[in-house]
Amino acid sequence: MPSRLSHRLAATLFFIAASALGISASAQFGPKTATPGSSTVTTPHVQAELIAHAPQGVTPGQPLWLGLQITHQPDWHTYWKNPGDSGLPTELTWQLPAGLDAGDIAWPVPHKIAIGTLANYGYEGTVLLPVPVTVPSTFAPGPLAKDITVQLKASWLVCRKECIPEEGQFTLQLPIQSTTALNGAAFDAALKAQPQALPNATASDDRQAQVDGDSLQVRVAGLPAALRGKTLDLYPETPEVLHNAAPGTQQWDGAVWTARIPLAEQRSGSPTLLPVVLAERVPGHTLRPGYRAELQVLGTWPAVAAKAGVSPALEAALQANAAQAAGGLPAAAAPSGAPSLTLTAALLGALLGGLILNLMPCVFPVLAIKVVGFTRHAQDRRAHRASGLAYTAGVVLSFLALGALMLGLRAAGEAVGWGFQLQSPAVVAALAGLFTLIGLNLAGVFEFGNMLPSSVASLQARHPVADSFLTGVLAVAVASPCTAPFMGASMGLTATLPAVQALAVFAALGLGLALPYLAASLWPAVARALPRPDAWMDTFRRFMAFPMFATVVWLVWVLGQQSGIDGAAALLILLVGLGLLAWSLAQQGRARRWLGTVSTVAMALLLWAFGPHVTRMEDVATTAASATATMATSTQGWQPWAPGAPDALVASGRPVFVDFTAAWCVTCQYNKKTTLANADVLADLQAKNVALLRADWTRRDPRITTALAQLGRNGVPVYVFYRPGKPPVVLTEVLSVDEVRSTIAQL
């Protein structure tokens with residue numbers, strides 16, 4: 001019967017968990033069969049290549065240079081370490097053999113790139129960002145080693161009129177003994193373009209900057225004689241101090257170069273030492289020598305507002321949106337001892353969010369099973385009441401356990417949020433296997449009582465309360481990826497509350513999810529209204545197999561977003577093997593013995609052959625490049641989100657709409673296929689020239705987790721409009737066309 005389902009699945013759950021652990025272990029500790037990564041990543045806007053220069057091989061005390069060479073498409077550019085008025089510098093993260101140590105980027109002299117009333121510092125054409133690598137005297141790769149493997153993860157922002165964040169993962173093998181000098185000319189040119197430090201000043205006033213009202217009077221001596229009389233460009237290494245686009249004035253006083261440069265309108269610092277780079281102003285974007293000087297700043301800086309982690313406008317907007325979503329709940333709370341009103345609002349928001357969670361499509365299959373179970377006990381008030389209480393206990397305790405795990409991972413330094421478990425392919429695959437078994441059981445392909453020992457199969461009859469409890473656990477497993485209205489602000493607040501108060505919010509969420517069934521079990525009138533058990537229950541049971549199979553389809557699709565098409569195909573093969581195993585174990589007599597043995601061996605072979613494909617994440621760089629190539633064909637298409645990208649776009653004068661989403665978030669997919677695909681909404685976005693960014697949280701991404709926390713959220717969906725000169729707007733979780741169009745009209 002359907003009500004026996006959850007308890008009799010205990011042994012099967014253990015089997016699936018063990019299989020998932022086995023897959024994970026083989027993926028982590030088994031032989032590495034993946035082909036080496038490429039040293040080149042190509043997008044529609046740049047070609048990035050990891051190159052090296054080791055003329056004496058990888059030898060202690062000898063030069064070893066690595067570098068990322070970026071070739072831009074015409075009119076596109078990337079940024080210097082101080083990008084100017086907008087943009088982001090290129091970031092490099094290295095994985096080197098033990099003992100090797102990568103230094104900082106030896107940034108070549110940039111060029112000023114004017115964009116309207118703004119000015120950025122960056123590179124066009126081809127640029128090499130070289131990095132020195134130290135090879136210590138203790139470096140010992142091993143007597144049989146012939147080469148070393150270098151891995152790099154790089155991220156860059158490439159811009160023309162629009163800006164697109166991109167990233168790549170690179171792998172390069174270098175011979176240890178042989179020379180690697182093919183790219184020597186490129187490294188020589190890049191190092192010649194690196195700013196050279198000027199010799200020590202001979203007088204105290206040779207290199208200084210004097211604050212003079214809203215300008216800075218600069219004086220630099222000791223520059224090469226070849227520069228005298230020529231126009232120079234000055235590039236401050238410290239951002240948000242000088243007005244980057246202002247032309248200023250300059251002149252030569254003999255061998256001393258002087259200039260008067262306006263201060264930035266939104267100055268964020270008052271340094272006493274200002275490092276700058278000076279280079280001759282030349283047309284085009286060819287590499288040129290530069291000279292670095294550290295200027296002593298004299299005088300008193302004008303007052304500047306203290307720079308906060310979140311701007312007052314942003315903080316006010318977030319609090320207003322959170323209050324609207326959760327009945328007065330602020331978006332941020334004190335780190336400890338939160339006011340009682342804030343905690344009360346969070347609890348009410350969580351309770352209401354859990355209640356609405358019952359209406360989300362991802363919860364329907366399990367709730368249908370519970371409805372049938374209630375019908376079976378409808379005429380037994382005591383059993384009906386016990387079932388409702390046990391189900392509620394299973395839901396609340398499961399939410400508490402999930403919340404405690406999430407808080408514990410955060411305390412350990414992990415960047416996780418609501419629904420984090422669905423970011424693991426092993427968990428997604430395990431749930432797909434579980435729902436496949438449930439669907440086959442509901443369809444009548446097999447009965448758990450025929451495949452499990454009689455002592456296990458009879459547990460439900462002897463412990464119906466435990467059966468209801470496990471149904472509650474199953475409901476939480478399915479509901480946890482979903483975010484309902486009113487949940488977002490409450491879940492986001494748990495990151496700032498003390499542990500006890502945060503767990504109380506999770507408990508309130510669980511109580512909201514279980515509340516309709518708890519009320520039905522305690523209210524006799526509801527029980528009397530339920531239909532009596534009859535033949536219709538068997539038909540309904542078989543019908544409910546199809547929502548289960550639909551859930552499996554969704555989970556396979558989610559895994560395809562994480563592990564690629566090969567991972568999704570591998571999971572489908574494993575699900576077929578799992579179905580065959582379940583059916584064979586449900587047979588009787590000799591057929592069960594022989595078919596069960598063959599199916600068990602076949603399943604073990606399938607796990608060995610295809611399991612690693614399920615848990616292996618698809619190359620993020622390849623996926624990102626492919627997505628960018630598809631979406632960048634139109635300036636109105638969705639672009640991948642990156643930290644700082646919304647600020648860069650807003651600084652250029654464009655409003656920005658960010659969709660924080662995930663493949664495993666059913667609410668996200670519903671909004672994407674309905675409101676965000678609405679022709680009127682798309683027309684309004686295009687008319688306002690809104691830049692569209694999509695932050696895909698399907699895979700674990702600490703950067704997106706941090707961005708969600710800054711918005712007072714820790715789960716998806718989250719929808720945000722950023723507007724030039726105005727505070728951002730955070731929309732509700734379940735979007736409506738009217739809500740989005742109304743917000744666009746106010747841009």
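Q: Which word applies to Phe 657 and Tyr 719, buried or exposed?
A: Both residues are buried, a term that stands for under 20% relative accessible area, whereas exposed means over 50% and partly exposed lies in between (1.4 Å probe, protein chains only). The model is predicted: local features need pLDDT of at least 70, side-chain atom pairs count only at pLDDT 80 or more, and totals for chains, interfaces and linings use all residues. Residues are numbered from 1 along each chain as its sequence is written, and side-chain values use heavy atoms, without hydrogens and water.

Q: Why is the pair of Phe 657 and Tyr 719 called stacked?
A: Rings of Phe, Tyr and Trp (its six-membered ring) pair if their centres lie within 6.5 Å; planes under 30 degrees apart count as stacked, over 60 as edge-to-face and the rest as tilted. Here the centres are 6.2 Å apart and the planes stand at 10 degrees, so the pair is stacked.

Q: Which residues do ring pairs link into a cluster?
A: The cluster consists of Trp 638, Phe 657, Tyr 719 and Phe 721.

Q: What makes the charged end of Arg 694 count as sitting over the ring of Trp 638?
A: A charge sits over a ring if NZ of Lys or CZ of Arg is within 6 Å of the ring centre and within 35 degrees of the ring normal. The charged end of Arg 694 meets this description, 3.9 Å from the centre of the Trp 638 ring.

Q: Why do β7 and β8 count as paired strands?
A: Two strands pair if DSSP finds at least two bridges between them, and 5 bridges join β7 to β8 (residues 118-123). Strands are DSSP runs (E, at least two residues), numbered from the N terminus.

Note on methods. Helices (H or I, at least four residues) and strands (E, at least two) are DSSP runs, numbered from the N terminus.
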